[in-house]
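Open the model in your viewer and keep the selection panel handy. This tour tells you what to pick next.

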Amino acid sequence: MSDDRPQFPAAFDRKFVTQDGHLGYFGRNVLKGLVDGMEAFLEEKQRTPGFRSMGPVALGGFLWLDDPELADCLARFSHTCVVVSKQGRSKYELEKLGRVQPLADRENGMLARVFAELTELDWREDGGAKVVGPNGSMPDVVIPPLRTIGFRRKGDMVPILHTKIMLLGEMWWHDEDALGGVTDVIHFRPERLWVGSTNATKRSRHSLEFGMWLDDSQALQAAQTFLVQLMAHSEALDPDSDLFEPELLPVDYDDEAFAAYAAEYGWGDPKE
């Protein structure tokens with residue numbers, strides 16, 4: 001059966017190699033370059049995992065994600081979190097949300113404690129920050145694989161997340177803190193960055209787009225900082241609020257309880 005929908009000619013398609021050996025693409029189906037690069041990264045990490053590896057990681061920020069090949073690829077990463085713009089609640093948009101819910105429900109989310117910026121965040125409790133006392137423990141939050149951010153459009157235009165980036169790297173662990181003490185420490189090592197114009201959608205494969213891979217250290221670090229902030233300010237796939245209302249908040253320490261504990265027991269370990 002022939003495909004009668006409008007199509008751009010193949011004359012637009014260009015694949016190039018940068019001086020450092022990374023691939024870039026112009027033209028149609030540029031999203032294939034993203035998926036191919038992610039598949040190659042997974043194969044590379046399977047062949048030669050890093051020292052004390054906890055598996056490959058993919059972090060992303062897109063306007064929307066519904067491409068099945070990309071979703072299947074993300075499902076094979078040990079840990080992943082992609083943040084997309086908050087969607088509306090029309091019949092069409094609810095159908096869109098339903099199709100990607102399986103990705104959001106997977107168990108390969110991102111451990112918040114990997115990043116210093118996320119270590120003191122926890123889920124909202126009764127509409128506000130969770131209160132931690134001297135006998136409490138710091139949260140061990142896992143951020144789900146697919147999140148949203150921003151404002152739900154209701155008539156007027158609203159600011160949106162419009163990046164099209166994917167950061168690949170590896171999670172690894174060691175058993176010493178900065179002072180040489182024995183502890184369990186987990187880190188993320190960014191290794192490869194995809195930048196371009198193509199959305200993570202099936203439809204984008206038929207548009208004229210651009211995309212390329214980078215491994216510049218400054219670009220990797222800047223992308224990590226940005227993506228961590230997206231996770232910190234993210235919400236569920238279909239949150240109740242139409243406004244920008246992050247679900248993760250810094251924990252609120254119960255200063256009076258800590259002072260009372262210190263007066264009675266000193267500043268030892270409250271669990272001892």
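In which loop does N29 lie? Select N29: the loop runs between β2 (23–27) and α1 (31–47). Helices (H or I, at least four residues) and strands (E, at least two) are DSSP runs, numbered from the N terminus.

A word on the model. It is predicted: local features need pLDDT of at least 70, side-chain atom pairs count only at pLDDT 80 or more, and totals for chains, interfaces and linings use all residues. Residues are numbered from 1 along each chain as its sequence is written, and side-chain values use heavy atoms, with hydrogens and water left out.

Stay on N29. Its phi is positive, about 55°, although N29 is not a glycine. Most residues other than glycine have a negative phi. N29 is partly exposed, at 28% relative accessible area. Buried means under 20%, exposed over 50%, partly exposed in between (1.4 Å probe, protein chains only).

Next, select R52. This residue sits in the loop between α1 and β3 (53–62). R52 also has a positive phi of about 55° and is not a glycine. Its relative accessibility is 27%, so R52 counts as partly exposed.

Now zoom out. Colour by secondary structure: the protein has five helices and 14 strands. Its C-alpha atoms fill a box of roughly 80 × 50 × 30 Å along the principal axes. Of the 272 residues, 42% are buried.

Finally, show contacts (heavy atoms within 4.5 Å). Among those with a separation of 6 or more, 72% join residues 24 or more positions apart.
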